[in-house]
Amino acid sequence: MHEMSLCESVLQVLENEAKCQHFSQVTAVWLEIGAMSGVEVDAMRFCFDVIVRNTLADGAKLEIIEIPAQAWCLDCAQTVSIQQRYDACPHCGSYQLQVIQGDEMRIKELEVK
Amino acid sequence: MCTVCGCGTDSAEHSLIRGHRHSHAAGLSSARMVQIEQDILGKNNQYAAQNRQWLAERGILALNLVSSPGSGKTTLLTETLTRLQGNMPMAVIEGDQQTSNDADRIRATGVPALQINTGKGCHLDAHMVGHALEALPIANGGILFIENVGNLVCPAAFDLGEAYKVVILSVTEGEDKPIKYPDMFHAANLMILNKIDLLPYLRFDVAKCEEYARRVNPTIQILHVSATSGVGIGGWLDWLICVKPPVPA
């Protein structure tokens with residue numbers, strides 16, 4: 001639902017970095033998106049193209065690196081892979097899980113001119 | 001220009017950058033890589049940290065109330081304000097896409113309220129709340145209720161600088177809401193199960209609902225309330241009185 005405002009935030013970061021790191025055009029953007037970040041990757045691509053039109057990132061390629069979700073199981077004291085927040089531990093069935101990876105929404109790097 | 005964030009200057013800066021791009025001759029600059037490593041919501045999180053600091057310095061407890069539309073947030077709030085008025089200073093920020101209906105209902109209780117209309121936006125963000133804090137009269141040591149846009153999806157991701165998120169779920173919704181919208185129930189500290197006076201007329205499995213909520217958030221606290229009949233509202237008021245605002249960083 002909020003991919004549009006996320007893309008606006010990405011554009012703000014690009015515009016600030018353009019000033020600080022002295023570039024005038026962005027040709028590619030790499031985002032790290034966690035499996036449980038709530039971001040719909042297809043919607044993100046759609047919104048990105050709309051938001052960057054007539055900006056320094058017009059036509060930039062969007063590369064999305066999807067980060068799988070992982071949690072720490074308090075009962076079996078190990079890192080486990082999960083798909084959803086309400087998943088049980090695949091080893092012991094406990095719901096005492098602490099998510100340790102999968103919430104990411106990061107701009108990793110840019111290709112610029 | 002906004003003194004907090006300088007947001008009034010944004011459009012001028014943006015157009016400068018756009019103009020700059022066209023002043024370069026093609027082929028003179030070559031492609032290079034730039035490491036960024038920034039959170040997409042980094043800017044929102046900065047504003048949220050400023051809000052949190054501002055609130056903590058004044059001993060104000062800020063609660064971000066989230067739910068689907070129609071869960072009874074505003075009724076719960078007006079009942080709460082009416083009962084607590086005179087005991088402690090309170091203020092309300094209301095977020096809705098359109099209308100000031102909710103702020104009008106709050107002001108009718110005598111408590112100051114400020115309406116934020118998000119227009120097309122589906123959530124409040126920390127920048128909007130920061131500006132509301134400048135405009136809203138709220139005494140030190142009070143409680144600030146922030147009633148978010150009715151939406152169980154987007155408000156989960158946007159930190160406003162609140163001490164706690166309180167999710168309100170009414171029993172006229174499905175008991176599986178916590179696993180259908182797990183991010184929100186994961187982010188909340190307290191779940192209020194509202195409209196419990198209607199349970200005799202519904203097929204709502206309370207135990208199942210609580211089990212689902214604890215699956216996505218093992219430490220979530222749960223209260224049963226009916227804002228209209230008053231059942232359970234004492235437990236909520238006790239929670240409000242006992243919960244402490246965070247100390248300044």
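Contact means heavy atoms within 4.5 Å of each other. The views below show a predicted model, in which local features need pLDDT of at least 70 and side-chain atom pairs count only at pLDDT 80 or more, while totals for chains, interfaces and linings use all residues. Residues are numbered from 1 along each chain as its sequence is written, chains are lettered from A and ligands numbered from 1 in the order in which they are written, and side-chain values use heavy atoms, with hydrogens and water left out.

**View 1. Four cysteines of chain A carry a "binding site" annotation.** The UniProt record, an unreviewed entry, places this feature at Cys73(A), Cys76(A), Cys89(A) and Cys92(A). They are spread over 20 residues of sequence but cluster in space, with a largest C-alpha distance of 8.8 Å. UniProt positions follow the numbering used here, feature names are shortened, and annotations may be inferred rather than shown by experiment. Not counting residues up to four places away in sequence, Cys89(A) touches Cys73(A), Cys76(A), Val80(A), Ser94(A) and Leu97(A).

**View 2. Cys89(A) and Cys92(A) sit in a loop.** Cys89(A) lies between strand 4 (78–81) and strand 5 (97–101) of chain A. Cys92(A) lies in the loop between strand 4 and strand 5 of chain A. Helices (H or I, at least four residues) and strands (E, at least two) are DSSP runs, numbered from the N terminus. Is each cysteine buried, partly exposed or exposed? Cys89(A) counts as buried because its relative accessibility is 4%. Cys92(A) is partly exposed, at 40%. Buried means under 20% relative accessible area, exposed over 50%, and partly exposed in between (1.4 Å probe, protein chains only). Leaving aside neighbours within four places in sequence, Cys92(A) contacts Cys73(A), Asp75(A) and Cys76(A).

View 3. The unreviewed UniProt entry annotates His2(A) as "binding site". His2(A) counts as buried because its relative accessibility is 3%. Beyond neighbours within four places in sequence, His2(A) contacts Cys122(B), His123(B), Cys154(B), Ala157(B) and Phe158(B).

**View 4. Chain B rests against chain A.** Here 34 residues of chain B contact 42 residues of chain A. How much area is buried between chain B and chain A? About 3,700 Å², of which carbon and sulfur atoms give 57%. Buried area is the accessible area (1.4 Å probe) that two parts lose on being put together, summed over both. Four salt bridges cross this interface. A salt bridge is a side-chain nitrogen of Lys or Arg within 4 Å of a carboxyl oxygen of Asp or Glu. One salt bridge joins Glu37(B) to Arg106(A), with the closest N and O atoms 3.2 Å apart. Strand 1 of chain B gives the largest share of the side of chain B that touches chain A, eight residues.

**View 5. The largest nonpolar core holds 33 residues.** Such a core is a set of buried Ala, Val, Leu, Ile, Met, Phe, Trp, Tyr and Cys residues joined through side-chain atoms within 4.5 Å. Val26(A), Val29(A), Leu31(A), Met44(A), Ile107(A), Leu110(A) and Ile40(B) touch the most other members. Helix 1 of chain A gives the largest share, seven residues.
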